[in-house]
Amino acid sequence: QVQPCADRQIIPGPGAEPTATEIILRLNRDGSLAARPRVGRQTGLDDENSRYADRVADLAIRSFVECAPLRGLPAELYDVPNGWQNFTLRYRLPG
């Protein structure tokens, strides 16, 4: 569901593609965001592309904000460890 929103993001510059960003999400039962997504660890950064780290994090957050609410999430997976209530996903730039 988030992929179409992620695909609309513009890559910030050459060499940014290897960057992966953990996004920490908290959802309500209806799939809406319970809080603004937070950024966790970023990987794939080096001397050349580290200047894009903040921009890639912003794009990751934007992808989830634009596509919320998430629909069709199984209700039985809400109140379990790493369930929909509070979980982490790995975001990569499209391409």
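Mentor: Cys 5 and Cys 67 form a disulfide, with their sulfur atoms 1.6 Å apart. The term disulfide means a pair of cysteine sulfur atoms within 2.5 Å. A search of the whole structure finds 1 disulfide. The torsion about the S-S bond of Cys 5 and Cys 67 is about 100 degrees, so this disulfide is right-handed. The pair links distant parts of the chain, 62 residues apart: Cys 5 sits in helix H1 (residues 3-7), and Cys 67 in helix H2 (residues 53-67). Helices (H or I, at least four residues) and strands (E, at least two) are DSSP runs, numbered from the N terminus. Both Cys 5 and Cys 67 are buried, meaning under 20% relative accessible area with a 1.4 Å probe, protein chains only.

This is a predicted model: local features need pLDDT of at least 70, side-chain atom pairs count only at pLDDT 80 or more, and totals for chains, interfaces and linings use all residues. Residues are numbered from 1 along each chain as its sequence is written, and side-chain values use heavy atoms, leaving out hydrogens and water.

Now the sheet. 3 strands form an open sheet in the order S2-S1-S3, with antiparallel pairing. Two strands pair if DSSP finds at least two bridges between them. Strand S1 (residues 20-25) and S2 pair over 4 bridges. Ala 20 stands opposite Thr 43 in S2. H2 packs on the sheet and touches S1, S2 and S3; contact means heavy atoms within 4.5 Å. The direction of H2 makes about 40 degrees with that of S1. Axes are lines fitted to C-alpha atoms, for helices over the stretch in contact, and angles run from 0 to 180 degrees between N-to-C directions.

Note on methods. Buried means under 20% relative accessible area, exposed over 50%, partly exposed in between (1.4 Å probe, protein chains only).
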